[in-house]
Amino acid sequence: MGEHYFSEKPSSPERRGLVKSRLRGLDFGFVTSSGVFSVRRVDRGTRLLVESMVLPGEGRVLDMGCGYGVVGVVAGRLAPGLEVWMTDINERAVSLARLNLERNGVEGAVVRQGDLYEPVEGMRFGVVLSNPPISAGLRRVVGPLVEGAVVHLESGGSLQVVVQSRKGGKALASMMEDAFGGVEVLARGGGYRVLMSVRD
Ligand SMILES: C[S@@+](CC[C@H](N)C(=O)[O-])C[C@H]1O[C@@H](n2cnc3c(N)ncnc32)[C@H](O)[C@@H]1O
């Protein structure tokens, strides 16, 4: 089988790059590598999520499927009082996320490798943020990601995800509606939308 950005252990030689980006009015630099998602630039969906995500000033936030770390890094810079957790199945992404936290001056965040919520078993969060791996399978991965958020969110906590309107947008909205009993559109633009559901 060919290598995907969601391979657990990418086998391609590591070719590193640097992506510079201005997000929420702040400048960031991200080290990237072959074998991870969106190597050349910050993905447009990720950008929309980051620009519209609603963060509390404190508490725990989870960046699920963190890739090289854009969402968690920006959350940590915007709200230093937050306890940021980041997870990804791809070990190369996990190493880059750790590097990028340090590179962008975010201290105290935790990055763990593993499948979906397995690395944060038993924990609860105020917010779960994700640009979910639609290519890894709506039913196989994205469904469990949404259902797992109900279990791992505190009461009043929210799941905020970005999706391409025409590539899984409707299906994801209906999964969130089913799991949470409601879903709203937080932002839209460039063919993407950010969806939010709040846990009772
Ligand atoms: C669309 S990418 C988003 C990456 C990063 N958050 C960004 O916005 O640039 C989805 C990420 O989910 C990760 N992923 C795929 N399947 C996963 C799983 N079962 N558990 C955890 N992470 C997974 C992929 O490795 C990838 O980094």
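Some housekeeping comes before the fold. This is a predicted model, so local features need pLDDT of at least 70 and side-chain atom pairs count only at pLDDT 80 or more, while totals for chains, interfaces and linings use all residues. Residues are numbered from 1 along each chain as its sequence is written.

Let's start with the overall picture. The protein has 5 helices and 9 strands; these are DSSP runs, H or I of at least four residues for helices and E of at least two for strands, numbered from the N terminus. Along the sequence the order is β-β-α-β-α-β-α-β-β-α-β-α-β-β. The C-alpha atoms fill a box of roughly 45 × 40 × 35 Å along the principal axes. Buried residues (20 or more other C-beta atoms within 10 Å of their own, with exposed meaning 12 or fewer, partly exposed in between, and C-beta atoms placed from the backbone) make up 42% of the 200 residues.

Now for the helix pairs. Two packed helices are described by the angle between their axes and the distance between the axes. Here axes are lines fitted to C-alpha atoms, for helices over the stretch in contact, and angles run from 0 to 180 degrees between N-to-C directions.

How do H1 and H2 pack? Helix H1, residues 44-52, and helix H2, residues 70-78, have axes 10 Å apart at an angle of about 20 degrees. Their crossing is right-handed, meaning that the near helix is turned clockwise from the far one by less than a right angle, anticlockwise being left-handed. On the H1 side, Thr-46, Leu-49 and Val-50 meet Val-70, Val-71 and Val-74 of H2, a contact being two C-beta atoms, placed from the backbone, within 7 Å. Those residues divide into 5 nonpolar, 1 polar and no charged; nonpolar covers Ala, Val, Leu, Ile, Met, Phe, Trp, Tyr, Cys and Pro, charged covers Asp, Glu, Lys and Arg, and the others, Gly among them, are polar.

On to the second pair. Helix H4, residues 138-152, and H5 have axes that come within 9 Å and cross at roughly 35 degrees. This crossing is right-handed. The contact includes Val-142 and Glu-147 of H4, and Leu-172 and Phe-180 of H5. Its residues split into 10 nonpolar, 1 polar and 1 charged.

Let me finish on Leu-172, in helix H5, residues 169-180. Is Leu-172 buried or exposed? Leu-172 counts as buried because it has 24 C-beta neighbours inside 10 Å. Not counting residues up to four places away in sequence, Leu-172 touches Val-142, Val-161, Val-163 and Leu-195.
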